[in-house]
Amino acid sequence: MDFLHYPHPSRRMAVFAKKGMVAASQPLAAQAGLEILKKGGNAIDAAIASAAALTVVEPASNGIGGDAFAILWYKGKLYGLNGSGPSPKSISVEAVKERGHEKMPAFGVIPVTVPGVPRSWAALSKRFGRLSLSEVLQPAIRYAREGYPVSPVLAKNWQAAYRRYSSLKGPEFQPWFDTFTLSGKPPQPGEVWASPDHARTLELIGKTEGESFYRGELAEKIDQFFRKHGGFLSGEDLADFSPEWVEPVSIPYRGYQIWELPPNGQGLVALMALNIVKQFPLERMDETEWFHHQIEALKLAFADGKAQITDPAFMKTEISRWLSEEYAKKRAAEVTSFASEPGPVSIPKGGTVYLATADEEGNMVSYIQSNYMGFGSGIVIPGTGIAMQNRGADFSLDEGHPNVLMPGKRTYHTIIPGFLTKGKEAVGPFGVMGGYMQPQGHMQVVMNLLDKHLNPQAALDAPRWQWLEGKKVAVEHGFPEHLAKALARKGHQIQVFLESDSFGRGQIIIRNPETGVYAGGTEPRTDGMIAVW
């Protein structure tokens, strides 16, 4: 029986609820959030519960040793949290090159930056949560200790990671195999996987409100491992980290405000692209032109974003310039009826989880966390279940690049939560995970919602395109053939992908301001589910 074989057309319906909603990429994680809502927690508590559960039930895309970002609507106000950590204080371009690298490696101890997830959970819980962090983490702890049956898409990604890490040499990678295999093999769909070490780590994080990871027992284990294997990350780096509360940034679009977080995340790319594409009158575009203008606007925004976005302390241009109408009009004027080639920007893949939550009081959370490339660096701290991210792989070793590696610097970050408002009312959270597909996914679901007036589920179901580089554009196998051919006639080098893995995985919740009823959509490209109350 093949749990990845679905030969017949299928569709999902939008889901409605009044008292609460949790949309996540894995059913057990969605139910973890719902369990906390039913215990008296709010949307923030539910988001933390689901996020913690995802480190257990979807480890091929995120982990405790990753980073996190959030946009939340709480009691009528929007807040942003940047939970990405900086590079170690002892690292430098020279130090990396001395080890024989001309570019940042993707795996091993070198690309690991300070993980932000545990302190982000603690910061959200302390400021907005209703229950204790320890109580909120209980569902995740239970899944880790008792085990759970592995879901189909997770199993597929787990097997891909196993093949990738099997080619890596060195004793520092052995703890990954000790932790994330069953008798030396990746789990199959339906096989039960448990991690008692992971459970104990989550208990320590809950009891100490995250401090064990940064100043206690867990921090000591991380420090010792990196010392043993010649890494740069230290206990001092961990102790000095705190997530940052930030003001979300936005643009107006079709009568709504589209909100993202400011750099070092790439949400700016999504806003820039939407700002460019709105310069073209919707009523004058046929469907081919609608897609063509999306692709061209996105390429221009990405070319600028990749050249400029980094830790905001090191950016050379004010964010307001990139979100201005002047910039949008200037870039829109460069769009022609034929495909362009804006610059040498390549778009690698990544692995991330996104979730959205809402409660009866109208509070809503757009939350995302990631180890970057699947499980991350391939580094697992023995006896803890902590898989360390490889976010530092995005740093440049070119001294003239804005995103050049420096000690204590945050790199360009791919993971981005989104949010919609209209006037003074919250509409709701949205997000599409998946490396550099994320701003592309944000752009497409927003345009599906607001240009096409699709409901949240239909907006996620719609076949997607993905700009790869130059004039190369991938489309999903369900993308209309006549539109793909029409785009090819405009000079786009169209590739039809048989698998949907690289096209992102999203969640959307929107709220009716008159009735308080939530409508949610979840991703058909993964094991997603919406849990409601």
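Modeller: In helix H4, the buried residues are Val-117, Pro-118, Arg-119, Ser-120, Trp-121, Ala-122, Ala-123, Leu-124, Ser-125 and Phe-128, where buried means under 20% relative accessible area, exposed over 50% and partly exposed in between, with a 1.4 Å probe and protein chains only. That makes ten of its twelve residues, and H4 is mostly covered. This is a predicted model, in which local features need pLDDT of at least 70 and side-chain atom pairs count only at pLDDT 80 or more, while totals for chains, interfaces and linings use all residues. Residues are numbered from 1 along each chain as its sequence is written, and side-chain values use heavy atoms, leaving out hydrogens and water.

H4 covers residues 117-128; helices (H or I, at least four residues) and strands (E, at least two) are DSSP runs numbered from the N terminus. The end C-alpha atoms of H4 are 16 Å apart, which agrees with the 16 Å that its twelve residues should span at 1.5 Å a residue (the expected span is 1.5 Å times one less than the number of residues).

As for the aromatic side chains, the structure holds 27 aromatic pairs, counted when ring centres of Phe, Tyr and Trp (its six-membered ring) lie within 6.5 Å; planes under 30 degrees apart are stacked, over 60 edge-to-face and the rest tilted. Trp-158 and Trp-193 are edge-to-face, because their centres are 5.2 Å apart and their planes stand at 75°. Trp-158 belongs to helix H7 (residues 152-166) and Trp-193 to strand S6 (residues 192-193), so this pair ties together parts 35 residues apart in sequence. Both are covered: Trp-158 is buried at a relative accessible area of 0%, and Trp-193 counts as buried at 1%.

Trp-193 also pairs with Phe-180, and here the rings are stacked, 5.6 Å centre to centre with 20° between the planes. Phe-180 lies in helix H8 (residues 174-180), 13 residues from Trp-193 in strand S6, and the pair links these distant parts of the chain. Phe-180 is buried, as is Trp-193. Ring pairs join these residues into a cluster, whose members include Phe-107, Tyr-148, Trp-158, Trp-176, Phe-180, Trp-193 and Phe-375.

Arg-321 lies over the face of Trp-322, 4.5 Å from the ring centre. The charged end of Lys-452 sits over the ring of Trp-290, at 4.5 Å from its centre.

Technical notes. A charge sits over a ring if NZ of Lys or CZ of Arg is within 6 Å of the ring centre and within 35 degrees of the ring normal.
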